[in-house]
Amino acid sequence: MSTDFEVLRKKLEAEHKRLTVELEQLQAGGAASDERREGSPFGKREEEATETQELEKRLALENRIRGEMASIEHALHKFEEGTYGLCDSCGQHIDPARLEALPQASLCLTCKAQQAKDAKGRAPTG
């Protein structure tokens, strides 16, 4: 299976552009909804709780989008360095099927599985 890295690069660039627009729209929508709503039959507490919940959702979505963008930017940086397709951890080639499915993948399946295993094995603190 031959992987066309240029096609993957274009996919990454297009996805980055799409996420940038989505983030801008989300932030613009958030600014518009920051205006206080009036007329809640339960008073200001319900209104404030609703606004807080909406803000938390929006911030979580913004963080997820920023995380995806960071992964894509990292992959595009690897193109510039000439290291795209190599695992960040072990330096081995990432399976082309994995790159086709997830062009921003920075770890081979073995290292990704180890990372997940290590994360699962950590006991929560607190």
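A residue is called buried when its relative accessible area is under 20%, exposed when it is over 50%, and partly exposed in between, with a 1.4 Å probe and protein chains only. By this criterion, 24% of the 126 residues in the protein are buried.

The model is predicted: local features need pLDDT of at least 70, side-chain atom pairs count only at pLDDT 80 or more, and totals for chains, interfaces and linings use all residues. Residues are numbered from 1 along each chain as its sequence is written, and side-chain values use heavy atoms, without hydrogens and water.

Begin by colouring the chain by pLDDT, the predictor's confidence in each residue from 0 to 100. The mean for the protein is 87, and 84% of its residues reach 70 or more.

Next, display the secondary structure, in which helices (H or I, at least four residues) and strands (E, at least two) are DSSP runs numbered from the N terminus. The protein has four helices and zero strands. Select helix 3, residues 96–101: its mean pLDDT of 95 is the highest among the elements, whereas helix 1 has the lowest, 89.

Of its 19 residues, Leu12, Ile65, Tyr84, Cys87 and Leu99 touch the most other members. Helix 1 (5–33) and helix 2 (44–81) each give two or more residues to this core, and helix 2 gives the most, with six.

Finally, select Leu12 and show its contacts (heavy atoms within 4.5 Å). Not counting residues up to four places away in sequence, Leu12 touches Ile72, Ala75, Leu76, Phe79, Tyr84, Pro103 and Gln104.

How values were computed
A nonpolar core is a set of buried Ala, Val, Leu, Ile, Met, Phe, Trp, Tyr and Cys residues joined through side-chain atoms within 4.5 Å.
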